[in-house]
Amino acid sequence: MPELPEVETLAAILAERAAGREIARVLPVAVSVLKTYDPPLSALEGRTVTAAARHGKFLDLATEGRHLVVHLAKAGWLRWRDGLPEAPPRPGKGPLALRLLLAGPERSGFDLTEAGTRKGLAVYVVRDPQEVPGIARLGPDPLDDSFTLETFAGLLRGVRHRIKGVLRDQSVIAGIGNAYSDEILHAARMSPYRLASDLTEEEIAGVYEAMGTTLRSAVERSRGLAATDLKGEKRDGMRVHGRAGQPCPVCGDTVREVSFRDSALQYCPTCQTGGKPLADRRLSRLLK
C-alpha cells in the first residue's frame, strides 16, 4: 500500500505538472471507485488545478472550489502520462479505473489504476477535503512541525494496544502503514508486540526519533523520482519489511515474519525482541 512517503511524492509530481492547468476531461472507467456523486466528476472539467497535497495516505488535487481526493488503497497507483490516447477508455477487466486529461495539445494527464481482484481504490469529488470521512478522522501528521515528542507521548498515554497497531491506526497518526511501521520499530529496536501504554519515556522518545528519521529519509530518497520508480525505491529502501529470511542489515540475524489473515509483519529478533522469535498472532505470546 502506498504510504506517507510515496503519496507525498505523488502530490509533488502533480503539483509540478498539473498546477495552473485546466482539467479537460475526467473519465471514469471503473464506476465502483467513485464514492461521491454530488458534485459529479464533470464538475472538475473546465476548472484550473491550483495545488496538490497529501492528507495522511489521501492524495488531494485541488481546483477552484472543488477537490479530487484519491485513496490508493492496497493496490492502487497513479501513472502520469504524456500523450494520452484520443479514444476514451472502455470499461473492462483491466486495471484502469479513472483517467484525467488536462487541456492542451500534448494530451497529458494521469491514469488511476488498481491491480488484483480485491478493489479498494476510492475517488471523491468534494468541496472541502474534510468532507471525506477518512480524512475527517485522521490523527496528526508525523511530519508536521506541530507533531512534537510531547504530542506523541500524549497519544500513547493509557493506550493498551500493541505499538505496531497504534502506529498504523490512521485516527492516531496519519500516513503510516504496515511497511513503515515495521521500519520504524526496527530502527527503534522495539518489539511490535509491546503495549504502547507500557513504554518508558526513553522508549517513547526512541520511537518518536525513529519515526521522524525513517519517514523523512524515505521522502528524501523519493524526491524527484518518476511515479513509475517509487515502488522500486520503497522496496529497495526497506531494512526488514518484505525481507523475511534475509539477514538483518544491522546485526546479521535472520529477519522473521508473523503472518496475519491479510498482512504480515517483519522484524529482527536480535534487534527487537531480545533474540526471541515472536509467536504466531493466534498464539499471542512469545515462544519460549
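Asp111 is buried, at 5% relative accessible area (buried means under 20%, exposed over 50%, partly exposed in between, with a 1.4 Å probe and protein chains only). The model here is a predicted one, so to speak of local features takes a pLDDT of at least 70 and side-chain atom pairs count only at pLDDT 80 or more, while totals for chains, interfaces and linings use all residues. Numbering runs from 1 along each chain as its sequence is written, and side-chain values use heavy atoms, with hydrogens and water left out.

Asp111 pairs up with Arg81 in a salt bridge, with 2.9 Å between the closest N and O atoms (a salt bridge being a side-chain nitrogen of Lys or Arg within 4 Å of a carboxyl oxygen of Asp or Glu). Asp111 sits in strand E7 (residues 109–114) and Arg81 in strand E5, so the bridge ties together parts that are 30 residues apart in sequence. Helices (H or I, at least four residues) and strands (E, at least two) are DSSP runs, numbered from the N terminus. Arg81 itself counts as partly exposed, at 31% relative accessibility.

By the same cut-off, the count comes to 15 salt bridges. Another of them joins Arg54 and Asp141, whose closest N and O atoms are 2.7 Å apart. Asp198 counts as partly exposed at 42% relative accessibility, and Arg160 as exposed at 56%. Salt bridges that share partners also join Glu3, Glu6 and Lys234 into one network.

Lys234 belongs to helix H7 and is buried, with a relative accessible area of 14%. A polar atom of the Lys234 side chain lies 2.7 Å from the backbone oxygen of Met1 (a polar contact is a pair of N or O atoms within 3.5 Å; within protein, one must be able to donate a hydrogen and the other to accept it, and residues adjacent in sequence count only if both atoms are side-chain atoms). Leaving aside residues up to four places away in sequence, Lys234 touches Met1, Pro2, Glu3, Glu6, Ala179 and Tyr180, where contact means heavy atoms within 4.5 Å.

Ala179 and Tyr180 are among the buried residues of H5, and that helix is mostly covered, with nine of its 10 residues buried. Packed against those buried residues are helix H1 (4–18), H4, H6, H7, strand E10 (264–267) and helix H8 (269–272). After H5 comes Arg189, with a positive phi near 55°.

On a 1 Å grid over the protein atoms alone, a cavity is a set of points where a 1.4 Å probe fits but cannot get out, and a pocket is an open set with protein on both sides within 12 Å along at least five of seven lines; lining residues have an atom within 4 Å of a point. Grid points are joined across faces, edges and corners, and a volume is the space filled by probe spheres set on the points.

The largest pocket has a volume of about 770 Å³. It is lined by 29 residues, and Met1, Pro2, Lys74, Lys234 and His241 are the closest to its centre. Strand E5 (76–81), helix H5 (178–187) and helix H7 (227–237) are the elements that give two or more residues to this lining, with H7 providing the largest share, three residues. By class, the lining has nine nonpolar, seven polar and 13 charged residues (Ala, Val, Leu, Ile, Met, Phe, Trp, Tyr, Cys and Pro count as nonpolar, Asp, Glu, Lys and Arg as charged, and the others, Gly among them, as polar).

As for cavities, a search of the whole structure turns up one of 30 Å³ or more. About 40 Å³ of space lies in the largest cavity, and its lining consists of Leu14, Leu59, Asp60, Leu61, Leu68, Val70, Leu78, Phe110 and Leu112. That makes eight nonpolar residues, no polar and one charged. Strand E3 (58–63), strand E4 (67–71) and E7 each supply at least two of the lining residues, and the largest share, three residues, comes from E3.
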